[in-house]
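The sequence and structure come first.

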Amino acid sequence: MRRLCGELLIASALLGIFSPYLPAQVGTAILNGTVRDQSGDAVPGATVTLAGIEQQFERETITNGTGQYVLPAIPPGRYKLTSRAGGFRDTSIENIQLSGGQGSTLDVMLNVAGTTEQITVSGAPPLLQTTNANVGAIIEGKRLESLPVLGRNFTSLLLTLPGVSPATP
């Protein structure tokens with residue numbers, strides 16, 4: 001009995017020590033959405049491809065029976081989303097910015113193909129995080145180089161982000 005109590009005490013102490021580090025530190029993003037045609041009907045079986053612009057990364061999936069797709073575990077960066085289905089023109093959306101912990105929805109509209117054509121959208125609409133309540137931000141390299149860092153403590157740069165305030169000890 002004493003051994004069990006000792007093990008529980010050690011486990012609870014370790015949990016108490018490491019609990020500040022346990023909140024989800026998600027380094028990847030999730031992108032989902034629905035592929036529809038011009039009339040607003042879902043397009044099942046469409047191929048959706050997400051390709052990295054700045055890095056060698058490509059993820060491909062096929063929409064389900066309701067035209068929905070999910071692309072999980074995407075590293076932060078800029079991407080190009082391409083959708084294609086039989087009888088429709090390929091549609092591409094470029095410059096999609098995804099950051100760590102972001103869960104966004106991006107719906108795609110396919111137009112009926114008359115001849116061999118391709119539609120490219122050069123600017124992606126701003127993505128709203130709709131799947132969870134996580135908040136994240138990116139500190140650009142230019143900001144890191146231009147701001148003075150007191151005492152060489154890089155965590156003080158977090159205070160330059162919107163909505164961040166120092167925690168009182």
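Asp 90 is partly exposed at 23% relative accessibility, where buried means under 20% relative accessible area, exposed over 50% and partly exposed in between (1.4 Å probe, protein chains only). Its salt-bridge partner is Arg 84, with the closest N and O atoms 3.6 Å apart; Arg 84 is partly exposed at 34%. The model is predicted: local features need pLDDT of at least 70, side-chain atom pairs count only at pLDDT 80 or more, and totals for chains, interfaces and linings use all residues. Residues are numbered from 1 along each chain as its sequence is written, and side-chain values use heavy atoms, with hydrogens and water left out.

The whole structure holds 3 salt bridges, a salt bridge being a side-chain nitrogen of Lys or Arg within 4 Å of a carboxyl oxygen of Asp or Glu.

| Arg 78 | Glu 54 | 3.0 Å |

Arg 78 in strand E5 and Glu 54 in the loop between E2 and E3 are 24 residues apart; strands (E, at least two residues) are DSSP runs numbered from the N terminus. Arg 78 is partly exposed at 29%, while Glu 54 is exposed at 56%.

Strand E5 pairs antiparallel with E2 over 6 bridges, pairing being defined by at least two DSSP bridges between two strands. Lys 80 in E5 is the bridge partner of Ala 51. Another 6 bridges join E5 to the antiparallel strand E6 (residues 90–98), and there Thr 82 stands opposite Ser 92. E5 and E6 form a hairpin with 5 residues between them, and Gly 87 in the turn has a positive phi of about 85°.

The largest nonpolar core has 22 residues, and Tyr 69, Ile 74 and Leu 81 have the most contacts inside it. Such a core is a set of buried Ala, Val, Leu, Ile, Met, Phe, Trp, Tyr and Cys residues joined through side-chain atoms within 4.5 Å.

The structure has 1 aromatic pair, by the rule that ring centres of Phe, Tyr and Trp (its six-membered ring) lie within 6.5 Å, with planes under 30 degrees apart stacked, over 60 edge-to-face and the rest tilted. The rings of Phe 57 and Tyr 79 have centres 5.8 Å apart and planes at 75°, so the pair is edge-to-face. Phe 57 is buried at 18%, as is Tyr 79 at 0%.

Methods:
Helices (H or I, at least four residues) and strands (E, at least two) are DSSP runs, numbered from the N terminus.
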